[in-house]
Amino acid sequence: MLDDVAIKVRQNVGIVTAVLLFSILYVLYNLAHPRGFSSAVLVQNGNEIFALAMVAMAQTVPVLASGLDLSVGAVMTMVGCFASYLLTGAAAGAPLHLDIFGLHLALGTFPGGITGILLGIVLCLAIGTAAGFINGCVVVYGRIQPIIATLATGAVYIGIALFLRPTPGGKIDEDLNWALTNSLGDFAATVHIFDDGAAGWFAPIAWIPVPFVLIVLIALLVWVPFRRSVLGRAVYAVGSAEGAAYMSGLPIDRAKIAAFTLAGFFAGCGGLFLAIQTSSGNADIPQAGAYTLNSIASVVIGGTSLLGGTGSAIGSIFGAMVLRVISFFFRIFDIAPLLQPLFEGLILLAAVSIGALGVLRVKNTLELFR
Amino acid sequence: MNSASLSLSRDDRPILIAALFILVILAAGTVYTFARFGSAPLLSPTYLLQQLQIGAFLGVVAAGMMIVILIGQIDLSVPWTLAAAAMMATSIGGPLAIPVGLAIGLLVGLVNGIGVAYLRVPSMIFTLGVNAVMRGLMVAHTGGYAPQTAATDLMRTLASDRTLGIPHALFVWAAVSVLVVVMLQRTALGRYIYAIGNKEAAAYLAGVDTRRVTVICFVICGGAAALAGVLLAGYSTKAYQGMGDAYLLPAIAAVVIGGTNILGGRGRYLGTLIGVVLIVLLNSVLSIMEMPEAGRQVIYGLVIIFMLLVYGRGERVVS
């Protein structure tokens, strides 16, 4: 029994480290924060974490198949720009139009109310998923290396985002913004369920921030079933030995396409939330690049090997949270903002270097060159 | 393989196609300018030389990037290595400006190389961290503002002046190119680089100190980025925040469009040269067309995908 636990821990040492690191850092953060351990702080942190956690999950799936998706930030940005058109909360029958090159493209009318919002959300996620599917097809049928293929498609997606929003703008339904970026209690009050959140049984969980609930829901309803499906297993198999996976009759092409498609979906979730949170669409190229790079860092901190085959999206969520909590600390300890990038870089380097110290124990040098 | 490509080796085909594509870009751009302005600036030697002068900075970065890609690694620390070299060169000033700038690049390359070769951290993540550290150091050094210091006269001469009508930056680019070609084709180091890119374990078993070669490659790449930074600071007479950001992805794209395998071990320097010219001309034609940034990004991405679909496709998995 204990042996089993020990084996499990050893197999998942990366994710366990990430979870421990996050727990320690986060408790320290709350202890140091004047209003630590309060719902308000949690809500604020949840909002800051969500988009990066989603993009980190997005990055994980292609990495598991030993690919790399350099377009996750671009997909996120593009979906955010679409959201700023589709989720304005306009009344029923309001014309939906896109502004491109000063042209007004009327795309029919939009159903208002809850239907309109839900339809908008579904459309946004579908756009992200489609972008991921295109990535997968370019990689699989074009037989182009993922890193360079997604570099190129990422440029295209950023271009589309810039067409939609040459300058930051747009609008998001205020109720939607309020409902998703606050605690469960506020959510219930906004959508009028559970006696507007006043139901007795509801009170003990009303403090939980909605973004955290969403992360857990997405992880449980999307990632876990995928990981347990044949395709999910095939993704891991492709990542650890593509030739062997092929010879075993696994659907390697479908697995790769699924990996990129799922990445597009997760990135879409991140973009959707970012747009809802900021109430606008912004085709910010440096921001997209930063999210892509941070997603890779989160994946590595979360214990997923960049060579593919081992790791999990859950670990990446914790990796993303570790990265974010580190930046929370700068606010608490009043470190000069000018020094923040330096510390972030040093911490990232230290984390990966400490993780790499295992090479010093390798006796046969040949084993290093995998 | 059809008969037309039989006479061409696998490494030459991309170069030929990319060169043809450059002609297509030039022709399309000329038709556009002729129809709209009644002139053909794209074909005037002055304009082409000016474009190549701007391309020289990208060319030097791409040369270094190619070496690193050839061993199957990548260097994401180029943007802030470039900026750091430029900022330190301008703030030191005097005769030491250029040596100090280059030394910064070599030092960053050394750190990258040690991390990748000896700690075995994937280059993707290690150079990313080093880039963040360099950015942090420079932000702390300059206070986050554009540095007030100016480039030295020598830097300006190197980057913007001309001899016999040819910009000095082009001479620098040519010198770097000759060095890289000689190194790749005529030295043992060059052979080692290709060998490591193909199979590091095999190169190691054949007696190559693969880790030392990896470090050398990263040092070269850092040095090239620093040289480009010094030149760019000379060209714009000063250093500024984020001056290297526009060079990372185009440099990778140029290397790959030139037929170098992103996984390493395969590719010729001539291809990288052509890739740089292609990207520079594409950019200049798009700016003549007054294409908005959005359209540029889309076209940029589509061109990379198109070129790779033509000749950059991988092997089918068979076992």
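Two residues are in contact if their C-beta atoms, placed from the backbone, lie within 7 Å. Keep that cut-off in mind as you look through the views below, which come from a predicted model.

**View 1. Helix 14 of chain A meets helix 6 of chain B.** On the chain A side, look for Leu293(A), Ile296(A), Ala297(A) and Val300(A) in helix 14. Their partners in helix 6 of chain B are Met124(B), Ile125(B) and Leu128(B). Sorted by class, this helix-to-helix contact has seven nonpolar residues, with no polar and no charged ones.

**View 2. How helix 14 of chain A and helix 6 of chain B cross.** Two packed helices are described by the angle between their axes and the distance between the axes. Here the axes of helix 14 of chain A and helix 6 (residues 123-142) of chain B come within 10 Å and cross at roughly 120°. That angle makes helix 14 of chain A oblique to helix 6 of chain B. The crossing of these two helices is left-handed.

**View 3. The side of chain A that touches chain B.** How many residues does each chain bring to the contact? Chain A gives 47 residues and chain B gives 45 residues. In chain A, helix 6 (146-164), helix 12 (242-247), helix 14 (285-301) and helix 16 (340-355) each supply at least two residues of this side. Which helix of chain A gives the most? Helix 6 of chain A does, with 13 residues. By class, this side of chain A has 36 nonpolar, eight polar and three charged residues.

**View 4. Chain A as a whole.** Take a step back and you will find 16 helices and two strands in chain A. The radius of gyration of chain A is 21 Å, close to the 21 Å that the globule rule gives for 370 residues, so chain A is as compact as a globular protein of that length. Its C-alpha atoms fill a box of roughly 70 × 55 × 45 Å along the principal axes. Buried residues make up 49% of the 370 residues in chain A.

**View 5. Arg143(A), in a loop of chain A.** This residue lies between helix 5 (113-140) and helix 6 of chain A. Phi of Arg143(A) is near 50°, a positive value in a residue other than glycine. Is Arg143(A) buried or partly exposed? Arg143(A) is partly exposed, with 16 other C-beta atoms within 10 Å.

**View 6. Arg120(B), in a loop of chain B.** Now turn to the loop between helix 5 (97-117) and helix 6 of chain B, where Arg120(B) lies. Phi of Arg120(B) is near 60°, a positive value in a residue other than glycine.

Terms used: Residues are numbered from 1 along each chain as its sequence is written. Chains are lettered from A and ligands numbered from 1 in the order in which they are written. This is a predicted model: local features need pLDDT of at least 70, side-chain atom pairs count only at pLDDT 80 or more; totals for chains, interfaces and linings use all residues. Helices (H or I, at least four residues) and strands (E, at least two) are DSSP runs, numbered from the N terminus. Ala, Val, Leu, Ile, Met, Phe, Trp, Tyr, Cys and Pro count as nonpolar, Asp, Glu, Lys and Arg as charged, and the others, Gly among them, as polar. Axes are lines fitted to C-alpha atoms, for helices over the stretch in contact, and angles run from 0 to 180 degrees between N-to-C directions. Angles under 35 degrees count as roughly parallel, over 145 as roughly antiparallel, 65 to 115 as roughly perpendicular and the rest as oblique. A crossing is left-handed if the near helix is turned anticlockwise from the far one by less than a right angle, and right-handed if clockwise. The radius of gyration is taken over C-alpha atoms; the globule rule is 2.2 Å times the number of residues to the power 0.38. A residue is buried if 20 or more other C-beta atoms lie within 10 Å of its own, exposed if 12 or fewer, and partly exposed in between; C-beta atoms are placed from the backbone.
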